[in-house]
Amino acid sequence: MPTTSDKPQLFGTNGIRGVPGRDLTVEFSMEIGKAIGTYFEVPEIAMGKDTRDTGQMIFNAVSSGIMSTGKTVVDLGILPTPAVQYYSRMRSIPGVIITASHNPPQFNGIKCIAADGTELERTGEEEIEKIYYNKSYVPAGWENAGTVISDPNAASVYVRGVMSRVDVAAIKARKFRVLVDTGNGAAFSTTPTLLRKLGCSMVTLNAFPDGMFTSRTSEPRPENLKDLISLVSKGGFDLGIAHDGDADRAVFIDEKGNFIDGDITLSLVVKSTIKKGDRVVTPVSSSDAIDEICKEAGAKLIRTKVGAPVVSRTMIENQAKIGGEENGGIVFGPHQYCRDGAMTVALILNLMALHKKKISDLVNTVPEYHIFKTSVERRKEWKSLEPQILRYSGSNLLDRQDGLKIYLEDGWVLLRPSGTEPIIRVYGESKMKKKAEELALEYHALISGLQEEPSSL
Ligand code: MG
């Protein structure tokens, strides 16, 4: 586990994650609640959760800790992560979400939201960790202990907020027929409600809360969406939609049953929302198609390290209109500065409505690029490998903000040591499918070779 000082860092890139009863115990969760309540100097803190079976248990522990510091907890119930963030932003109060996003059902997590709806910055998380380790909680005493109130309007406020950003009349006029797979996750009600209000006729799949994710795993990859893909491919639908467990991401299936890569969705949304002078933010790992689209529109593209919080933060700093990652996580600045699955759904329907085109025709308007992703075991320190890789790559252009991105004649290669596993991720992109694979495999072989033990002879 990475350390900030001599104590383990508790918050990872997406909050505190663990298995309840093992490392994410109720005792620990309550102490974290006390630390969160002490850190946020406000009278109220909003709280929501995804559909996991352990959600209520962790919610109760964290909220008890928060109430012991005199803060009132606003219980929003089961909601997508972006709906809790939207509520925080609308009411200017911080929030806590009990979720493990797309992780398997045994996991759960605690994620903190700043009062502007964005994920709490690392400095804030460090303060919470400091309070936790020093046990410097500020208890309120019985006479000032907080309580729980609920706000049943959070879901409808969120859906209305999403709708306010698109041309509802144009979408309604098209009477889209959609198949939506909410994967038994947090959007089981909000996304179907949104689709109904947008005049879609819909068939839902896995649209009931099931914290065991019995029907499919909560990561919306094509191999986990076989039911959705096979049903859409039978015909009769304009679009297939799927979310991850906490619905901050959305992925799409075209009317023929083809899975649409996240890079293409991002390209489509960027293309349809930007104009000259706008700013767009995306990590070094996403496609050059975005560069091409921005160049053509006269918009400025800013590349960042990989990770949703850094994309959102960079968007705020640069007043960017749109940003996102290649995994279906799209951030639409005018709505809110966080990944938002329902907003992404509405933007794609808006695009289909305004262009009066099928989704597959729109996909064909995106510049064609291919990314090949693989990984290689890391047996040596990344720092010792870097100079050797640089010697090999010669004088090619580099982006060094997250690993090594090497621009080559026919594409690029990105080599990133994982922060959580002993592997190095290897990406290759090119306009030619074969070349993308060749580039990735060339550097995969290089890194493997550099880690070979020297001969004992
Ligand atoms: Mg998620």
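## Asparagine 206 and its loop

Asparagine 206 is found in the loop between β8 (201-205) and α8 (226-233); here helices (H or I, at least four residues) and strands (E, at least two) are DSSP runs, numbered from the N terminus. The model is predicted, and local features need pLDDT of at least 70, side-chain atom pairs count only at pLDDT 80 or more, while totals for chains, interfaces and linings use all residues. Residues are numbered from 1 along each chain as its sequence is written, and side-chain values use heavy atoms, with hydrogens and water left out.

Most residues other than glycine have a negative phi. Asparagine 206, although not a glycine, has a positive phi of about 55 degrees. Asparagine 206 is buried, its relative accessible area being 13% (buried means under 20% relative accessible area, exposed over 50%, partly exposed in between, with a 1.4 Å probe and protein chains only).

## Glutamine 319

A positive phi, near 50 degrees, is also found at glutamine 319, a residue other than glycine. Glutamine 319 lies in the loop between α11 (308-318) and β14 (322-324). With 60% relative accessibility, glutamine 319 counts as exposed.

## Strand β3 and its partners

Strand β2 (residues 44-49) pairs with β3 in the parallel sense over 5 bridges; two strands pair if DSSP finds at least two bridges between them. Lysine 49 stands opposite isoleucine 78 in β3. From β2 the chain passes through helix α2 (residues 55-67) to β3 in a right-handed β-α-β crossover, meaning that, with the strands pointing away from the viewer, the path from the first strand over the helix to the second runs clockwise.

Strand β6 (residues 148-150) also pairs with β3 in the parallel sense, over 3 bridges. Aspartate 75 stands opposite serine 150 in β6.

## Packing of α9 against α12

Helix α9 (residues 262-273) packs with helix α12 (residues 341-355) at an angle of about 65 degrees, their axes being 10 Å apart. Axes are lines fitted to C-alpha atoms, for helices over the stretch in contact, and angles run from 0 to 180 degrees between N-to-C directions. The crossing of α9 and α12 is left-handed, that is, the near helix is turned anticlockwise from the far one by less than a right angle.

On α9 the contact (heavy atoms within 4.5 Å) is made by Thr265, Leu268, Val269, Ser272 and Thr273, and on α12 by Thr344, Leu347, Ile348 and Leu351. These contact residues divide into 5 nonpolar, 4 polar and no charged; Ala, Val, Leu, Ile, Met, Phe, Trp, Tyr, Cys and Pro count as nonpolar, Asp, Glu, Lys and Arg as charged, and the others, Gly among them, as polar.
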